[in-house]
Number of protein chains: 2
Amino acid sequence: MLILVTNDDGVSAPGINALAEALRELGRVVVVAPDREKSAASHSLTLNHPLRIAELAKDMYSVDGTPTDCVHLAMHVILKDQRPDLLVSGINNGGNLGQDVTYSGTVWAALEGHFMGVPSAAVSLVDDRYFDYGPAARFAARVARWIQRRGLPPDTVLNINVPDDPDQDLDRFAITRMGYHRFEESVVGNTDPRGKSYYWIAGRKVPSREGIETDVGAVQAGFISVTPLHADMTRYAALEELKGWKEEGL
Amino acid sequence: MLILVTNDDGVSAPGINALAEALRELGRVVVVAPDREKSAASHSLTLNHPLRIAELAKDMYSVDGTPTDCVHLAMHVILKDQRPDLLVSGINNGGNLGQDVTYSGTVWAALEGHFMGVPSAAVSLVDDRYFDYGPAARFAARVARWIQRRGLPPDTVLNINVPDDPDQDLDRFAITRMGYHRFEESVVGNTDPRGKSYYWIAGRKVPSREGIETDVGAVQAGFISVTPLHADMTRYAALEELKGWKEEGL
């Protein structure tokens with residue numbers, strides 16, 4: 001089994017090392033990850049300038065771009081004609097739950113893998129209490145084995161969020177939908193040493209009241225959350241109303 | 001009516017000027033856009049360094065960040081307690097159709113406006129034959145008037161794609177879903193003047209056979225495409241299968 005591993009915290013983050021180590025039990029693991037932290041890179045792609053690849057060790061590469069760039073360079077340059085059997089992105093330092101999923105470089109790297117025909121999953125560690133990536137890495141390996149044996153449903157990427165609890169029961173997982181969860185945004189303004197204004201995007205986690213059927217609620221209740229995602233953002237429920245607009249005079 | 005306008009082609013792109021001019025017939029237009037091209041920025045957010053705002057003219061600002069950054073700084077700093085009645089992002093130089101939507105800074109800026117409670121739409125000019133932003137700007141103003149009068153369905157952002165045809169009939173529009181459309185990716189490798197390798201992400205448009213019920217197909221058939229989007233990426237069709245996994249031994 002050939003497994004491509006990437007993330008958005010950068011190639012030297014502890015989460016990606018824990019993930020790669022756990023997956024090595026299943027086959028050859030090739031790590032291709034950003035050379036530095038690229039959190040909140042979403043699905044961004046570098047088109048306006050060239051990218052560099054650095055070979056750090058056997059089967060470990062960094063790219064000076066986004067997670068989605070890494071997937072491109074892994075597939076088209078580093079692995080060329082070898083097709084990975086699986087892509088796993090993570091383990092992210094911090095949950096990717098609710099709307100935060102849309103900003104996540106970790107999750108979009110998995111969706112990019114899926115676009116390229118590779119079964120893909122993203123794995124994140126929720127909350128930073130213990131920074132213990134062990135349970136998340138073991139659960140990722142368990143899911144990887146499952147995917148190898150069973151495959152994924154059509155057009156589906158897995159978004160896995162694991163509570164940061166060293167004693168997390170790996171059988172305590174829930175299949176969920178994307179819930180509602182955002183940071184309460186704010187922007188902090190300040191003045192730099194030369195007297196010019198600057199602004200820093202900040203935010204504060206707002207406790208959520210989502211039910212256990214959502215990613216947010218399941219994790220709050222101590223479950224590992226497994227959400228099937230796809231990239232079809234059509235709001236189907238609105239199609240009929242919009243189709244009436246023409247008659248009504250738009 | 002207070003209208004916030006942004007884009008991903010940068011504040012000096014012709015598309016954003018055409019859009020702002022057309023929308024000024026409806027009220028006050030405030031432009032807050034990236035200081036340079038930020039195509040394919042997706043929903044990326046700058047968290048690791050501060051941002052600067054430059055006031056270029058009355059109600060026209062640039063930000064040294066992504067389209068989503070622009071929406072944040074517009075709402076929290078530039079407009080502060082003034083709440084825009086509408087956000088329009090564009091007019092993008094190039095279509096945002098099918099999976100390309102997921103990479104688009106233009107579309108995600110509109111989704112970010114929606115996250116902040118502002119009715120939002122993205123407008124793109126498909127193909128670069130004439131670079132005539134007139135029809136798209138007029139259609140955007142027509143939709144803006146409609147939204148002002150009628151509002152949008154709940155949890156819905158509009159993704160509008162207008163064929164680049166100076167004679168485009170503005171009544172010839174279709175309500176569509178996101179279709180399948182991607183560039184056939186490739187990566188071009190080369191050697192820089194110092195003898196080091198670099199890689200450039202490239203791609204080639206693949207003609208699509210999507211039906212007229214999709215954004216891709218509608219535009220190919222000469223229609224303006226209007227797609228309702230949301231940010232819930234749950235693959236609902238896969239939930240039941242995944243719920244069976246536990247019993248089956250995952």
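# Chatting through a two-chain model

Reader: Which residues of H4(B) are buried?
Author: In this predicted model, the buried residues of H4(B) are Gly105(B), Thr106(B), Val107(B), Trp108(B), Ala109(B), Ala110(B), Leu111(B), Glu112(B), Gly113(B) and His114(B).

Reader: Which residue has a positive phi just after H2(B)?
Author: That's Lys80(B), with a phi of about 35°.

Reader: Switching to the sheet. How many strands does the open sheet of chain B have, and in what order?
Author: There are 9 strands, and the order in chain B is S3-S4-S2-S1-S5-S6-S7-S11-S8, with mixed pairing. Strand S3 (53-57) and strand S8 (173-175) of chain B are at the edges with a single partner strand each, so each has one side without a neighbour in the sheet. On average, neighbouring strands of this sheet are turned by 20° against each other, ignoring direction.

Reader: What holds strands together in a sheet, in general?
Author: Strands of a sheet pair through backbone hydrogen bonds, and the pairing can be parallel or antiparallel.

Reader: How do S2 and S4 of chain B run, parallel or antiparallel?
Author: Parallel: strand S2 (residues 28-34) and strand S4 (residues 60-63) of chain B are joined by 4 bridges. Within S4(B), Val63(B) is the residue opposite Pro34(B).

Reader: Which strands of the sheet does H2(B) touch?
Author: H2(B) packs on the sheet against S1, S2, S3, S4 and S5 of chain B, and its direction is at about 135° to that of S2(B). Helix H5 (residues 134-150) of chain B packs on the sheet too, touching S1, S5, S6, S7 and S11 of chain B, with its direction at about 165° to that of S5(B).

Reader: I clicked on Val123(B). Where is its place?
Author: Val123(B) belongs to strand S6 (residues 120-126) of chain B.

Reader: Is Val123(B) buried or exposed, and why?
Author: Val123(B) counts as buried because it has 31 C-beta neighbours inside 10 Å, and the cut-off for buried is 20 or more.

Reader: What is Val123(B) in contact with, leaving aside its neighbours within four places in sequence?
Author: The contacts of Val123(B) then include Leu19(B), Val88(B), Gly90(B), Ala136(B), Ala140(B) and Ile160(B). Gly90(B) is 33 residues away from Val123(B) along the chain, yet their C-alpha atoms are separated by 5.0 Å.

Reader: Now chain A. What order do the strands of its open sheet take?
Author: In chain A, 9 strands run in the order S3-S4-S2-S1-S5-S6-S7-S11-S8, and the pairing is mixed. The edges of the chain A sheet are strand S3 (53-57) and strand S8 (173-175), each with a single partner strand, so one side of each has no neighbour in the sheet.

Reader: How do S7 and S11 of chain A run?
Author: They run antiparallel, with 5 bridges joining strand S7 (residues 157-163) to strand S11 (residues 224-229) of chain A. Val157(A) has Leu229(A) as its bridge partner in S11(A).

Reader: At what angle do H2 and H4 of chain A pack?
Author: The angle between H2 and H4 of chain A is about 30°, with the axes 8 Å apart. H2(A) and H4(A) are therefore roughly parallel to each other, and their crossing is right-handed. Residues making the contact include Pro67(A) and Val71(A) of H2(A), and Trp108(A) and Glu112(A) of H4(A). By class, the contact of H2(A) with H4(A) has 5 nonpolar, 4 polar and 1 charged residues.

Reader: Last one: how many residues does each chain bring to the contact between chain A and chain B?
Author: Chain A gives 57 residues and chain B gives 58 residues. On the side of chain A that touches chain B, the largest share is from H2(A), with 5 residues. That side of chain A has 30 nonpolar, 16 polar and 11 charged residues.

Methods:
Residues are numbered from 1 along each chain as its sequence is written. Chains are lettered from A and ligands numbered from 1 in the order in which they are written. This is a predicted model: local features need pLDDT of at least 70, side-chain atom pairs count only at pLDDT 80 or more; totals for chains, interfaces and linings use all residues. Axes are lines fitted to C-alpha atoms, for helices over the stretch in contact, and angles run from 0 to 180 degrees between N-to-C directions. Helices (H or I, at least four residues) and strands (E, at least two) are DSSP runs, numbered from the N terminus. Angles under 35 degrees count as roughly parallel, over 145 as roughly antiparallel, 65 to 115 as roughly perpendicular and the rest as oblique. A crossing is left-handed if the near helix is turned anticlockwise from the far one by less than a right angle, and right-handed if clockwise. Two residues are in contact if their C-beta atoms, placed from the backbone, lie within 7 Å. Ala, Val, Leu, Ile, Met, Phe, Trp, Tyr, Cys and Pro count as nonpolar, Asp, Glu, Lys and Arg as charged, and the others, Gly among them, as polar. A residue is buried if 20 or more other C-beta atoms lie within 10 Å of its own, exposed if 12 or fewer, and partly exposed in between; C-beta atoms are placed from the backbone. Two strands pair if DSSP finds at least two bridges between them.
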